[in-house]
Amino acid sequence: MADTEAASVDVVVLGGGSGGYACALRAAELGKSVVLIEKDLLGGTCLHRGCIPTKALLHAAEVADTIREAGRFGVRAAYESIDLPGVHTYKDGVVARLHKGLQGLVSSRGVRLVEGEGRLVDAHTVEVAGERITGAHVVLATGSRALSLPSAPIGGRIMTSDQALGLAEVPARAIVLGGGVIGVEFASALRSFGAEVTVLEALPRLVAAEDEAVSKQLERAFRKRGIVAKTGVRMESAADTGSGVSVTLEGGETLEADLLLVAVGRGPVTEGMGFEEAGVTLDRGFVVADERCRTSAEGVYAVGDIVRGLQLAHRGFAQGIFVAEEIAGLDPRPIDESGIPRVTYCDPEIASVGLTEAQAREDGEVETVEYNLGGNGKSQILGTTGFVKLVRRKDGPIVGIHMVGARMGEQIGEAQLIYNWEAFPEDVADLVHAHPTQNEALGEAHLALAGKPLHAHN
Ligand SMILES: Cc1cc2nc3c(=O)[nH]c(=O)nc-3n(C[C@H](O)[C@H](O)[C@H](O)COP(=O)(O)OP(=O)(O)OC[C@H]3O[C@@H](n4cnc5c(N)ncnc54)[C@H](O)[C@@H]3O)c2cc1C
């Protein structure tokens, strides 16, 4: 497309991460002319510094554990060590292949990719390197960045997930500040790679956004794996001593390690890009958007991590698709945030959708069941422990599903259908689940909640 034609298009998308590129692809599919502006790498955080590289690390970690534990399964294998450069080659290869595929997809759909840093000039115009691109609609999708703390300045041995993804060697001792999703995933991988790991969390439990029972099970499993979790503690300061890090907790306790990974959350990337000047309301940096992803500026939408809510790639995809369809006049259904599936890929994995028991109880009476994976054949074969917990409205539909155990992330597909279709336990209990699979555990939990437990001890 020539520059003159591209100067005015149907949709201008600022930011080529999960939310932005999904919107661009869907809008192009719907016949819209689209410009996608990206200042760094197409694919954004998820592809280059988030979901994909971390899951590759966690897979390498699983392979290491499998070899270490091979004797349990009667297989003789000797674990030697982790070759971290080799792990990076594998991880980077996965990212590079997906990146190439995405670049091909964007160009084959006729989306014009503009490389450079964009700035919103007004509700219909984005400026990139002196070029003004106008669109009938502008979609903001500039994503998020790792937060840090003044008491733990990033540099050297004090790092965020961005630097931790490229570690040259496995640290003998690591401290992870933050027991949320990113913190526990790194803690899990580092432990499997052979590090002594301590997780510090200010809240009373790890993965505090999950159901309380899930946090307890994870803490138990981490303890068994030798990961130390200190919850309800606050870090006062941290210092890179040159040969290590020294972390002081409130109360005076000092911990020493080889590195400190700061995983205290992610903040929106919205500063200095002209958003507020163009009439887009921000709330502590986050773009304020309604359930139709509309911002306060007419014709300007926002998707992904810049909008307060679950910071997950598939939420960004869904919002991006939603906005493209909204612009095309298809009147899509708003996204139910609690129907967005959540998976944490540590060992053991956590997968959940819907409300926690505590959240559900705020709105009335509930019934719950916890099906122990001890009764599930495939989980026994894999040698994992955990459970499937269901929360239903009293005599009503399922409103929350919470699972923990090796590989349980793979069960989230059926779980999210059950939640989003507002199924009753009795509906799911009638469906036949294949034996022996871990998926069966989901079926068994519904059998139990429907009052006809099979492989479940009361
Ligand atoms: C370590 C880690 C692990 C994660 N694991 C998972 C996971 O397993 N599953 C999951 O669902 N989510 C995961 N996430 C979260 C996921 O990566 C984000 O939710 C997702 O990337 C958000 O997409 P986005 O489009 O909003 O933003 P981003 O992916 O951050 O993309 C924003 C893009 O905008 C560009 N940009 C910013 N400003 C400008 C500008 N002015 N001009 C041009 N371009 C600009 C940026 O360069 C970037 O490419 C993880 C995140 C991290 C950090």
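**Exercise 1.** How many residues has the largest nonpolar core, and which of them have the most contacts inside it?

*Solution.* The model is a predicted one, in which local features need pLDDT of at least 70 and side-chain atom pairs count only at pLDDT 80 or more, while totals for chains, interfaces and linings use all residues. Residues are numbered from 1 along each chain as its sequence is written. Begin with the term: a nonpolar core is a set of buried Ala, Val, Leu, Ile, Met, Phe, Trp, Tyr and Cys residues joined through C-beta atoms within 7 Å, where buried requires 20 or more other C-beta atoms within 10 Å of the residue's own, C-beta atoms being placed from the backbone. The largest such core has 133 residues, and those with the most contacts inside it include Val13, Leu177 and Leu260. Helix H9 gives the most to this core, with 8 residues; helices are DSSP runs (H or I, at least four residues) numbered from the N terminus.

**Exercise 2.** List the residues in contact with Leu260, leaving aside neighbours within four places in sequence.

*Solution.* Apply the cut-off for contact, C-beta atoms within 7 Å. Leu260 then touches Ala152, Arg157, Ile158, Ile175, Leu177, Ala238, Val245 and Val247.

**Exercise 3.** Describe which residues of H4 are buried, and what they pack against.

*Solution.* Within H4, the buried residues are Ile52, Pro53, Thr54, Ala56, Leu57, Ala60, Ala61 and Ala64. An α-helix has 3.6 residues a turn, so residues three or four places apart point the same way. The partners of the buried residues of H4 are H3, helix H5 (84-108) and helix H7 (181-192).

Technical notes: A residue is buried if 20 or more other C-beta atoms lie within 10 Å of its own, exposed if 12 or fewer, and partly exposed in between; C-beta atoms are placed from the backbone. Helices (H or I, at least four residues) and strands (E, at least two) are DSSP runs, numbered from the N terminus. Two residues are in contact if their C-beta atoms, placed from the backbone, lie within 7 Å.
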